[in-house]
Amino acid sequence: MGPWAGAYMEGGQLRADDERLSPRAPPAGSGPRTRAQAPATGPDLTGPADYRALYEHSPDAVLFTSPDGRIIACNPAACELLGRSAEEICADGRGAVLDPEDPRWATLLAQRAATGRARGVARILRADGTAPDVEVISQVFRHSDGTERTCTVLHDLTALRSAQLASREQRELADTVFDNAPVGMAVVDPGTERFVRVNAALCHLLGYDEAELLAGTFRKITHPDEVALSQALVERLRGGESGPIEVDKRYIRRSGESIWVRLSVTAVRGPGGEELYRIAQVADRTAERASAEALARLAAIVESSRDAIFSTDADGVITSWNPAAERLFGYRAVEALGRPASFTDLAGEDSRRFERTLEAIRSGRSLGDVERAQLTKDGRRVEVLMTISPVTNANGEVVGSSTIARDVTDVRRAARVIADSEARFRSAFENAPIGMAIHDLDGRFLQVNRALCSILGYGAQELIGTGFQAITHPEDLPGDVELMEAMRRQGFDTGRREKRFVRSDGHVVWTQTEATVLRDADGVAQQVLSQVIDITDRKRMDEELRHLAEHDSLTGLVNRRRLELALDHHIAHVARYSDRGALLVVDIDHFKTINDTLGHSVGDRMLRAVADALRRRRRATDTVARLGGDEFALLLPEADARAAEDVAAQILADIREHAVVTIGRQPRALTACVGIALLRQDIVNGDQALVEADLAMYDAKESGRDRYRLHAEDSDEQAAGRIGLVWNERIRDALRDDRFTLYAQPIIDLPTGRIAHFELLLRMPDGRGGLISPATFIPIAERYDLIQQIDRWVIRRAIDVVAAHAGTAPPLTVQVNISAKSLADEGLGAFIEATLTARGARPTDLIFEVTETAAVANLSRARLLAEHLARIGCRLALDDFGAGYGSFHYLKQIPFDYLKIDREFVTNCLTDRTDRLVVESLVTIAKGLGKQTIAEGVETPETERFLRDRGIDYAQGHHIAAPEPLAALLARHGIGPSGPIDPPGSTPIP
């Protein structure tokens, strides 16, 4: 109580004197100081704030009294303990605290009067009528004014008494549990290892009475073979383990009988970790061990059995499943346990069969030789022969079943194959969707099916006995004879060829025929089985595809590729014999302006009108072609200069007369310019002839349009002024000086409205602050074989862009166009791969676009390039899809990722039923192939909504966003080397 020497309460308020006072010294002769009398230790509390905090927050009640016994102050804990306010306590004095009927208070007061201190236990009175015991500590001290004060601390003992009572009840409960436990229990002294206490269950288990066990140790009853095990357990406990430690071991009963027990030992340790005593639990496992050994023997038989063995409970739920069952049914034990035994029954079998089986088993009947079709995990059907027996408990009640199952699939299958092979073959033969026939080695039909009769137009009786040679197209007979001889001579069992048959109505049918030699058991050829598939439609489609690959889909004229073949062939003829022939190049005047102003549909009508005018002037030996855009060509193999000029003049007149467009309400005749190149022996190839005709055509345009010009090869000044050569030089300069520039147009993900890719678009500065459209210089670049260099320039820049933005999230993805001529560049794939590696760019950030027409025209090269791109991780899009050949046959030939639907179908898909059906069909086909779709030419929000509703994946167009310089576009959308394409929370492009 030292800290309270200079502080007390008056009127319920704490006051601290400046002078520190000490407790009153005990009278002389009062003996040595007790612990309670020792000076207080702790923090040096000298200030009023320190005393006040300690007094106010003390958990024990604190009272200050005057020499006459009046209570002059108390703290909040005293008010809480007594259930009174400070004013009530001070007013009532001792009557508010002491229980007058408790004589212990008199003793404590006498002790304090004699020594100045008092300590003990007494009862107090609470306002609620209760009278709990408290520990009382009282100290007398002298105040600075010379008067004495007493400080009394009261500590409530209620919680302590409750804890002591609970501890006693717990000990009594533990004794009851120990004595009445169903398993043997013992308390062992760790020092002597002697029993300190044993229960009745342990005495009964071992056959000893309590006194006999208490006189010995566990070693006395341990089987000799288990001594080492017991010693190891003791060493573990001595080493610091507390357990419980469990072991199975044997004890020797008083009768000498050996029994198996489960021993569990726990060490009880003191505060310092010392072992105080051990508690051992002993459970009899003799019967369990015997049963386990029997079960182990049975389990070994079940586990090693070649037959599937499983058991169920009374409800037919699987409870065991041996390895042979796993092998037979394909389900591991963990997959089968807990499932009904019927879960492997083949679907479609009698649904009541399982219930009938359960009823039989529950009645105690066994089911032998039950053959059932089962379904394995991997979907195989197996035939299983089962024996199902009931399992009973000790009372004879059926508690489940045991099933032995053997796989008889192969046995039954072999029997069925032997019994049914001829019938099944006949059924398959007769009902096959392809033509089938069996004929002898000389080719005479022995059996024919309905499909073959349908293909050939003959009845079965008409064909049987007839040789196939009689109905084979005469031109294909030598091939048939050669194939049969090769099969006989070289020992081939099969041979395949495409051949023609002549039907009964005289029509020719193309077939794919495969012949298979049927041999006997000794390998000797007996008959031939022929399978015949009608491929007439496929042949026709191939012809159509070849036609489409060589013709322009809009005008029906041959395309540039076919013209170049014809031109090269004729130039080779001219080089060998003599000068003859002319090439005319026709270009419509102001076509781009009309097309952009009045729309593509008007432009398409113009192109078809010009094509018709050219057809009218074509002779049988002439070749009329559309080169691309608004440029046409006419190869006149037999024309001289005069004849070529006459044809050119007639063409111009026909165009003026028949190619008319309406602007407003005024019809307007079209005009064109024609360039003529005469084919001479000094012309090296078709490209040179096209260049000369092109130069002459540009000369006609410069001369005022609506006219023709003959190429003058002997005029150096005229050749130098040709526009084609000028453009050729401008393109070469732009490539050399790196003057091309890249624009980009965003492509959005339609479901989310966020930017997914950017299509890169090429522009060429005109030197006057403007830009030249690729529509102007790309055709010339293709004509002069500069387009491959341009493509490589764009590819290098695209890879540089994605490499510089590799840190974006999501990554920057760009689409790059590849021209038709670049498809023929065998080194393009290797160039792309090498550039990606050198720049450290990700292939997945690049999508290459190839137009539909270019892909079909260069199918083999397109396929090789697509496979190369897919192998290194780039993606491929088929551009302008639907505007070309209208055939999907080649789609399976090219491993593409995106289908870009041509703007021709997108622009009017809301108003044109045909366009709408084409769009919907293309989406269905793309999704069926697992590809994604991109719609070009989206110009209105209504079109965007329509495309989104139809399942189009991506869209681009002026409604989405117009093309703009790549750097500006990336900056506007916050895309930098470390910035995202479309930051979270940003507004998608409208």
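Tutor: Let's start with a word we will need: a residue is buried when its relative accessible area is under 20%, exposed when over 50%, and partly exposed in between, using a 1.4 Å probe and protein chains only. This is a predicted model, in which local features need pLDDT of at least 70, side-chain atom pairs count only at pLDDT 80 or more, and totals for chains, interfaces and linings use all residues. Residues are numbered from 1 along each chain as its sequence is written, and side-chain values use heavy atoms, with hydrogens and water left out.

Student: Why is Ala700 called buried?

Tutor: Its relative accessible area is 0%, so Ala700 is buried by the under 20% rule. You will find Ala700 in helix α23, where helices are DSSP runs of H or I with at least four residues, and strands are runs of E with at least two, numbered from the N terminus.

Student: What does Ala700 touch, not counting residues up to four places away in sequence?

Tutor: Cys673, Val674, Arg705, Arg707, Tyr708 and Arg709; contact means heavy atoms within 4.5 Å. Cys673 is 27 residues from Ala700 in sequence, and the C-alpha atoms are 5.9 Å apart.

Student: How do you know how α19 and α23 are oriented to each other?

Tutor: Their axes come within 8 Å and cross at roughly 105°. Axes are lines fitted to C-alpha atoms, for helices over the stretch in contact, and angles run from 0 to 180 degrees between N-to-C directions. Under 35 degrees counts as roughly parallel, over 145 as roughly antiparallel, 65 to 115 as roughly perpendicular and the rest as oblique. α19 and α23 are therefore roughly perpendicular. Leu563 and Leu567 of α19 are among the contact residues, as are Ala689 and Leu690 of α23.

Student: What makes β23 and β30 edge strands?

Tutor: The open, mixed sheet has six strands in the order β23-β25-β26-β24-β29-β30, and two strands pair if DSSP finds at least two bridges between them. β23 and β30 each have a single partner strand, so one side of each lacks a neighbour in the sheet.

Student: How do you know that β24 and β26 pair?

Tutor: They share six bridges, in the antiparallel sense, against the required at least two. Val585 stands opposite Ala633 in β26.

Student: Which residues have the most contacts inside the largest nonpolar core?

Tutor: Phe740, Leu846 and Phe848, in a core of 80 residues. Such a core is a set of buried Ala, Val, Leu, Ile, Met, Phe, Trp, Tyr and Cys residues joined through side-chain atoms within 4.5 Å. Helix α27 gives the largest share, nine residues.
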